[in-house]
Every structure is written in C-alpha cells, then in structure tokens.
Amino acid sequence: MLLNKRLIEESNDQLLSSHQKGYHYVSSSIDNVVEIIQKLVDFQVAIPSWALGTGGTRFGRFSGGGEPGNLEEKIEDIGLLHALNKSSGAISLHIPWDIPNDPEAIRKLAAMHELKFDAVNSNTFQDQAGQEHSYKFGSLQHMDRAVRKQAIDHNIEVIRQGEALGSKALTVWLSDGSCFPGQLNFRTAWQNTYEGLQEIYAALPQDWKIFVEYKAFEPNFYSMSVGDWGQSYLYTSKLGSQAYTLVDLGHHLPNANIEQIVSLLMMEKKLAGFHFNDSKYGDDDLTVGSINPYQLFLIFNELVEGMDAQGMNHATDLAWMIDASHNVKDPLEDLLQSIEAIMIAYAQALLVDTTALKEAQAINDVVRAQEILQQAYRTDVRHLVAEARFKAGGALNPLQVFRSQGVRNLLIKERGPQTVATGL
Ligand SMILES: [Mn+2]
C-alpha cells in the first residue's frame, strides 16, 4: 500500500506549533544547527528484507497479520517506513530468501518508493530445498572441497543478483565453527575459509566491496571461524582493498568495548559499516537503543570523530543497516523506533564539542572530558531529528501516523490475518 501524503501533512499540521517551540528551544544553543539538520536529512539506514515479519526464536514464532509474503510487498513496507521517516531509503536483500525474479521490475518498484539497494547477503548457514551438499559442518571451512565450492558458487551467484539490482556490496556472515573441542583444526578451518573468500573476492566487480561479518558464538558454541573483529580483520586485510570488516552490535562477547573496535577499524580504513540492534545478554536482536542507548551514542561519537578525521561522508562512506528481528512487536513499529534511536544517537554525536574534548584530553582533564560527552548525550535532540524529517517531507511523529491511520489493519485487510513473511 502507498501512504497518502496528505495524511502525513494533516498530522504535521496538528503537531507543528508544539514542535516549533521545542525545536526553537534546542536549536537556540547550537551554532551549526543548519549543517546538523542537513546531515540528519542525508543519513539513511538500510532495512533488511528479513526484518519486516515477526521474528522467532528456536522455541517458536508468533506471526502477526498483514506481513509481506513476497519481495514486492517487502519493498512496499520499506516504502511505507521511508515515506514516514525519510531515513529508511535503502533495502538489504537476503538471498535466497528474496530472489528477484524480474530484477528490472523490482528496480522500478524500489525507485518508485525512492529506495536503493544496499549490500546483498548470502546464506550458507542453512540448507535450502534441493541443495546437493549440506552445511551442517560448515560452508567455506568445510573439509570437503565440494561443499566449499557450493558455498563459493552461491556467493558468486548472490553478487550477480546484486549487480542486476544496482547493489555495490556483498555481506558474508558465516555460521562456520565448531561445537566441541577437537572437532576442527583451527588452522585448517581458517585456511579453507580464507581460500573460499579469495575466490569470492576474485569475482567482485571493481566497484564492489565485500563485507566480512564476525560473530562470537552461535550457532557454534566452541569456536567460530570468523569469531571476532581480529579474525575478520585478518581475512579482510589479506584479501585486499575491496574487503572490509562489518560490525554487528550484537555479535560480541558481553561488555566488549565496541566503540574502541570501531575507532581502530576506521583508523585502518577497514570498517565496512554497521548492523544495528541492541542486546542485554547475547545476540538478542532487540530494538536499537532499547537497552543501552549510551553505548550507541559512544559508538556514534567514535564514528563521527573518525569519519571527520578522514574527511569521510557520513551518509555514504559506510554502510548503515538495521539487523534485528523479534517476537512481540509489530515489525514496522519496531523499525520506526530503531531508526529514531539511530538518528538520536547520531544527532547527539554531532553535538559533541570536539575541540574542547581534544583540549581536555591533552591536559588529562578526565572530568571535563566526561562532562563534554555527557553534555551532548543528555541533550534532548528529538526535535532536531523531527525537524530533519519534516524538512525532508516526512512525518513529525511517524509512529503516531502509523497508529492513527491504522496502517497495520489496512495491511491485514490487503494481505490477510495469517501471513508469514518469508525468511527467518
Ligand atoms: Mn548481522
């Protein structure tokens, strides 16, 4: 379904005067507010095609109604989000869950919703119907060359699918590893994986990147063949200049200092970008900013500082994507909340007084350094984010429009109450 633009305008009319009061209050103390608003307008976060349906756990899945049943409907859902917040202007596809049968038609549909195609994702963590070899004991790391070849061929096929859509990057997340001591020779597993990645790398078009995503544990619980940023960095630094390390916020051991990882990967020009989510215990894939918004701010603080130090474009030089999925919320409402949390953290990071912070660091004024960071973090920037959305033609309050217009009920009417989104 397409959201009538008039509905957004009507809602904005109602909220405008109270928004303007709030915006005036916060912007009056910011010198470069015009520049900040423009950066917020430009910043876009890709939505993965698997986040539009209710996710599950290994214990069960409780699907909601009106979920998208095919790629076209998924693009429409992201179009809805983007119409509301003007910050979700890209889609990240998962192959083979979302194979575009008619790439030209899919490109047109996405363009109609003002969406671009972000990184395409391969899948060698589960077996597909009719697949010759099983990935039960891994894919690129596998002891059998035939299994490795099947995984390599699949990744090359995903590159070809992505090329047809105008995508420019392949994300490889491997579930490879071992569940028990002795199951694998670590070096053999590493070498096999590296050789597989080399063959995939060789198939990349010149203007493409490969993102190697790491994860500390699960589904393998003794070792993972790409288990942390060091292992990913080892692969990507050996592969070459088109290879980058992808950070998924939920893929670390508890209490890892993710902002430091980000800073060093950027220093080495090896940070691909982000998979945003939040977690309390492990890879919980909760709504961004729902558990630890301060950590998210600290990460954005390093991102902004690091990107500015290298003259990078915040909006285009790194890949920004949400990677979350859960059981109990309406997936579209959840994504609106996640995008809002990302924009808030980004806006707060833009407020950090970097000159004063450098001065404080130079004289070891630890107290002042903390004050500077927390001054930015404790600023209520919600009106800045809303102003950017408003300027771009979106809703001052996307969630309110989604609810007051009964968007979910309209989707249920259109698609039925018992739909199950393809993918996870
Ligand atoms: Mn991820």
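I start with α1 and α13: on the α1 side, Asn12, His19, Gly22, Tyr23 and Val26 make the contact, and on the α13 side they meet His383, Leu384, Ala386, Glu387 and Phe390. Sorted by class, the residues of this contact are 5 nonpolar, 4 polar and 1 charged. Please keep in mind that this is a predicted model.

Now the geometry of that pair. In general, two packed helices are described by the angle between their axes and the distance between the axes. Helix α1 covers residues 5-27 and helix α13 covers residues 382-391; their axes come within 9 Å and cross at roughly 130°. That angle makes α1 oblique to α13. The crossing of α1 and α13 is left-handed.

The second pair is α3 and α10. Helix α3 runs over residues 71-85, helix α10 over residues 331-351, and their axes come within 11 Å, crossing at roughly 40°. So α3 is oblique to α10. Which hand does the crossing of α3 and α10 have? It is right-handed. From α3, the residues Asp77, Leu80, Leu81, Leu84 and Asn85 meet Leu332, Leu335, Leu336 and Ile339 of α10. The contact of α3 with α10 divides into 7 nonpolar, 1 polar and 1 charged residues.

Staying on α10, I want to pick out Leu350, which has its place in that helix. Is Leu350 buried or exposed? Leu350 has 25 other C-beta atoms within 10 Å, and the cut-off for buried is 20 or more, so it is buried. Leaving aside neighbours within four places in sequence, Leu350 is in contact with Ile36, Lys39 and Val304.

Next, the backbone. As a rule, most residues other than glycine have a negative phi, and most peptide bonds are trans. Here are some exceptions.

Ile95 and Pro96 are joined by a cis peptide bond, with omega about 15°. Pro96 sits in the loop between β4 (90-92) and α4 (103-112). Glu218 and Pro219 are also joined by a cis peptide bond, with omega about 10°. The loop holding Pro219 is the one between β9 (209-213) and β10 (223-224).

On the phi side, Glu114 has a positive value near 60°. Glu114 belongs to the loop between α4 and β5 (116-117). It counts as partly exposed because it has 15 C-beta neighbours inside 10 Å. Asn364 also has a positive phi, about 55°, although it is not a glycine. Its loop is between α11 (354-362) and α12 (366-377). Asn364 has 8 C-beta neighbours inside 10 Å and therefore counts as exposed.

Last, the whole chain. How many helices and strands are there in the chain? There are 15 helices and 13 strands. The C-alpha trace spans about 65 × 65 × 40 Å along its principal axes. For 424 residues, a compact globule would have a radius of gyration near 22 Å, and the chain agrees with that, having 22 Å. Buried residues make up 46% of the 424. Of the contacts between residues at least 6 apart in sequence, 79% join residues at least 24 apart.

Definitions and conventions: Residues numbered from 1 in each chain as written. Predicted model: local features only at pLDDT ≥ 70, side-chain atom pairs only at ≥ 80, totals over all residues. Axes fitted to C-alpha atoms, helices over the stretch in contact; angles between N-to-C directions. Helix = DSSP H or I, 4+ residues; strand = E, 2+ residues; numbered from the N terminus. Parallel < 35°, antiparallel > 145°, perpendicular 65-115°, else oblique. Left-handed = near helix turned anticlockwise from the far one by under 90°. Contact = placed C-beta atoms within 7 Å. Nonpolar A, V, L, I, M, F, W, Y, C, P; charged D, E, K, R; others polar. Rg over C-alpha atoms; globule rule 2.2 N^0.38 Å. Buried ≥ 20, exposed ≤ 12 C-beta atoms within 10 Å, placed from the backbone.
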